[in-house]
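Visitor: Could we take a close look at one part of this model? I'd like to go through the interface.

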Amino acid sequence: MEGINGDLLRGHLQTLVLSALRKGDAHGFEILKRLEAAGSGALQLKEGSLYPALYKLEAAGLVKGAWEKSDTPRRGPRRRIYRLTPSGGRRLDEARGEFQQFVTVIGGILGATA
Amino acid sequence: MKDLMIHVEQIVRPIRGDWSKLRMRRELLAHLQSAYEQERAGGLDEAAAIAEAKRRLGDPATLREELQASVSRLERLAGTRFSARGWMMLLSLGVLLAMIVAIAPVPASLTSRQAGSFASVTEVAPAHARAILVAGILTMELSFLFWYAFTTEFFRPRMRWPRVACAGIAAFVAQLASIFLVLFALTGHAASDDFGQVALAQLILPAFLASSGVVTLLARRPMKQWLELDIAN
């Protein structure tokens with residue numbers, strides 16, 4: 001499968017993050033692994049881009065972050081765990097609807113099967 | 001680990017912002033650490049795993065721009081430092097203000113004092129009063145600059161206590177002098193009876209700035225290890 005690079009993903013990354021968090025709370029690296037798994041390796045995301053997207057989502061109240069507890073049995077710096085807020089869930093549902101419409105309309109114009 | 005920290009610091013340090021930068025540093029480091037461990041588990045040697053983890057994170061300049069865009073306007077403003085151009089503009093404004101005062105009409109209080117309605121200890125001719133007023137305003141501006149130098153010291157990676165003390169003392173002395181010069185120019189007496197009270201009132205600003213500085217210092221303690229990193233290369 002041909003890869004989908006960062007330029008094509010721009011504008012959708014925040015929705016993808018919301019979607020990954022619907023599966024449960026996760027830190028940045030875990031969110032990335034979920035996205036890679038869901039995209040079957042086709043998403044060619046610059047991993048750092050995930051964090052500005054998370055900060056914007058948090059500022060908008062769509063996700064909520066909290067530092068993992070210091071007694072976590074893990075070496076290295078503490079990670080920030082994100083969870084989807086109720087408004088984040090609603091935004092995800094809206095984005096899904098918008099994207100379906102986009103695919104139907106643009107797919108129809110391009111002659112692809114939506 | 002230090003190599004990864006330096007990479008993170010090269011990305012984050014130039015960002016205009018303040019309180020959210022520590023979070024960026026910690027999260028990016030945690031991410032790089034996880035990526036590094038993944039690459040090591042995949043069979044890469046240490047140097048190659050570090051290089052791959054950095055590559056996966058993306059182009060530092062692009063990431064910096066994206067992170068900068070996620071910083072609120074308020075925080076950007078808080079993280080703004082005066083450049084040499086900014087200082088020159090500030091000084092020019094100060095000189096302009098002094099010039100305006102120098103050519104402005106004589107203040108009403110001076111006129112009334114000259115007319116004898118003001119109880120003055122020392123008579124000052126209006127021309128001298130105007131010069132004293134200009135000197136007072138210039139001294140006040142000087143005190144602001146000293147206070148700025150005093151406050152910014154708390155934000156430096158390595159705080160220089162002698163500079164903090166010198167800037168603080170100079171700022172306080174300039175502030176006191178400016179108050180008395182302005183008072184003297186406007187009323188003809190330097191409030192000698194109320195010297196203690198006036199001086200005490202002038203302690204409010206230094207006390208506020210010093211306590212804010214201490215709070216800043218404590219809040220920035222976790223950043224110390226980051227700010228001490230040499231990111232030049």
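How many salt bridges are there between chain A and chain B?

Guide: The count between chain A and chain B is 2 salt bridges, a salt bridge being a side-chain nitrogen of Lys or Arg within 4 Å of a carboxyl oxygen of Asp or Glu. In one salt bridge, the side chain of A:Glu47 meets that of B:Arg56 at 2.7 Å, N to O. Bear in mind that this is a predicted model, where local features need pLDDT of at least 70, side-chain atom pairs count only at pLDDT 80 or more, and totals for chains, interfaces and linings use all residues. Residues are numbered from 1 along each chain as its sequence is written, chains are lettered from A and ligands numbered from 1 in the order in which they are written, and side-chain values use heavy atoms, with hydrogens and water left out.

As for who takes part, 21 residues from chain A and 23 residues from chain B are in contact (heavy atoms within 4.5 Å). About 2,000 Å² is buried between chain A and chain B, with carbon and sulfur atoms giving 56% of that; buried area is the accessible area (1.4 Å probe) that two parts lose on being put together, summed over both. A:Glu47 turns up again here: with A:Phe29 and A:Tyr55, A:Glu47 supplies 30% of the area that chain A buries against chain B, more than any other three residues.
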